[in-house]
Amino acid sequence: MLSRLLPLLLIPAAASAASDLVVMDFEGDSFGAWKASGEAFGKAPAKGTLDGQMPVSGFVGQGLLNGYHGGDDSTGSLESPAFKIERKYLNFLIGGGKFPGETCMDLLVDGKVVRTASGLYDRPGGAERLEWQGWDTSELIGKSATLRVTDKRKGTWGHINLDQIVQSDAPKVIEIKQEFAVNGRYLIWPVTRDASQKRRFFTYLDGAEQPLLYSDICLTNNPDFWVFTDLANYQGRKITVTGSVPGGLADAWSKVKISDTYPGEEETYREALRPQYHFTSRRGWLNDPNGLVWKDGTWHLFYQHNPYNHNWDNMTWGHATSTDLFHWKEQPSGLFPDAEGYMYSGSGIFAPKGSTGLPVKGDALVFTYTANGNHSYAPDHKVVQSVAYSEDGGKTLTKFAGNPVLPHVEAENRDPKVFWHAPTKHWIMPLYYDRSDYGIYSSPDMVKWEKTGDYKIPTDGECPDLYELPVGGSPKETRWIAWGAQGKYMLGSFDGRQFKAESGPHHHYFGAAYAGQTYDNAPEHRRVHIGWMRDGGPGLNGAPFNLQMTIPMDFTLRRQGDGLRLWAEPVKEVEALRADTKEWKDLVFESGQTDPLNDFKGGQFEVEAVIDANSNASELGFRIFDEHAALWKPSDKTFSGTEGPQAAVDGKLKVRIFVDTVSMEVFVNGTFTSKYLRQTPGAKPLRLVANGGQVKFDSLKVHTLKSVWK
Ligand code: FRU
């Protein structure tokens, strides 16, 4: 009760506070009694952005002190006349370089520096936005003081900006340092979708010196939704959260707390836009699948994740597990941003006892990831490859103390996809460099890596996968597949050191899917692949989560038409989701005839059809919600959403279509395509199409699919 009353009690107190005393607002055409020297600050306040500067924002009124006169390399200083300290706080807006002593403002009393502040950035990136900072001056009340602004720094962020220096009764920013006893699963946060509102928080575990993680969170008093830091792995321990937020967010900060539930949890998986059998994250953004590994009946799906908003940010490895590739249970995140920077894409392997030089006692799961040091809060971190291991079946991941295992080699260098190569008894790591270039590294122990080769996937890039498949299921003849993020692949051979391409790039994977990878250690020699469906359609704006994975699929290698090609089939596990099935055999449908699917109600469904590829209609197949085509054109052998001609197999097209809340995926003779859609109200979920003729179905089945969340 008391805590609910508090904000009410605060309002009259705040209203009776004395208004701010302006020390300097940098309005007008001169610095008045302030003395400028050097060039950096010019001769008078600036009216905004200067030549060659990124747009300056966040200042109050028409003017500000802008240290970018003459660019970053100019230097200068500005000194105030003496003034009396009369309030408990001195607040100011500040931006520019974060170089203490070099780009800074000092408060001097009796000629000595008693407080100092510098700007926001010490490396390329960032923004010219001024933010509030301030000093507690309560112990200096009554003293005479001066302010001195200095710019001695050249090069990147070698300038400082200031505005609205005021004496106040309260801080404009609240410095946060709060300890929480972790006696509930989540630390919950109210957030706005407005990504410009982000504030940085650091979380320390049990008083450690180095933060466990940092997060940029759009804290707000009027939440669009609530997000959480999942602390299931830290129960019974203590965390300390530090950061600073504007004074106006005191109320929002007071709502950040430990809880076993998060507001909105009861609605999770029931939201209007929630896919019902595709993986989505309860909250936040997802991109690439990471660390796909099977062990002891469990499929692990780690993924690129922003747990705190709908956009790409805070790159964390989210984690979910399943025993059937459809019913996923979200686990606490596996890897968080820390001094290494963002946790970019990577892979997972099962490492039997003794197969690595990592400090593990028995069997382990080992994850190789890109640590993107460009996002580190600490200077001088690069983009490098690191490993983490788990001895509790993926529940907790421990970063190796000897990281990185591969220092920055070149360009973007990221997305390691490690696997075991039995003939050479080495671990192999294909790694993306830049453009269409990839490198290959080899290691006896996952710790020491040697470069052994390079290869290209022309017109593709990022997220390599490299694996061997038997031709037509017979282990006598095999090929290696070198795969890129768009699903283009080269076929060839691999001797443990070099990949030699024989043909490619081939392409059997189109539409929204991107950055997929296959499972390590899958049973029955399966090559199970999951991709990420990037946004190519109406998106999921308005939902507290964003984007989904593809349906899991099995890859095999088959001889088709003129050569060997990958063949994609939805995994057999999807069949367990089927609820009602309608079936037709030897159905001939002609344009103008009554559609046997007229009464079909939709929901989530699968279409399974074997079609005579030589049916005489000029375009034939299906339409989903009227707008979305899944159509074969016999004249040029093309299928909607795929590129180039597709080969019919024995004169037939085998089509599987999967429709979920916001997506549609089509498999046609081993080719896969996917897109996002919105279910148009009033439109027919599914129609047959036979333009200008007939379509002959050997068989047609329509299955409704159960939700995995109910
Ligand atoms: C692909 C990608 C990867 C990178 C990750 C970052 O979508 O750009 O190359 O590791 O996303 O989230």
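**Legends: a predicted model, view by view**

View 1. Buried residues account for 56% of the chain's 710 residues. As for secondary structure, expect two helices and 51 strands.

**View 2. Four domains along one chain.** Here the protein chain splits into domain 1 (8-171), domain 2 (174-259), domain 3 (289-513) and domain 4 (572-705). Pick out domain 2 and domain 4: their centres, taken over C-alpha atoms, sit 48 Å apart. Along the principal axes, the C-alpha atoms of the protein chain fill a box of roughly 95 × 60 × 55 Å.

**View 3. Surface and charge.** Count the charged side chains and you get 76 positive and 87 negative ones, with the centres of the two sets 2 Å apart.

**View 4. A five-strand open sheet.** Follow the strands across this open sheet and the order reads β22-β21-β20-β19-β38, with mixed pairing. At the edges are β22 (329-335) and β38 (545-546), each of which pairs on one side only. Strands of a sheet pair through backbone hydrogen bonds, either parallel or antiparallel.

**View 5. Zooming in on β21 and β22.** Which sense does the pairing of β21 and β22 take? Strand β21 (residues 316-322) runs antiparallel to β22, and four bridges link the pair. Find alanine 320 and look across: glutamate 330 in β22 stands opposite.

Technical notes: Residues are numbered from 1 along each chain as its sequence is written. This is a predicted model: local features need pLDDT of at least 70, side-chain atom pairs count only at pLDDT 80 or more; totals for chains, interfaces and linings use all residues. Side-chain values use heavy atoms; hydrogens and water are left out. Domain bounds come from an automatic or database domain assignment. Buried means under 20% relative accessible area, exposed over 50%, partly exposed in between (1.4 Å probe, protein chains only). Lys and Arg count as positive and Asp and Glu as negative; His and the chain ends are not counted. The place of a charge is taken as NZ of Lys, CZ of Arg, CG of Asp or CD of Glu. Two strands pair if DSSP finds at least two bridges between them.
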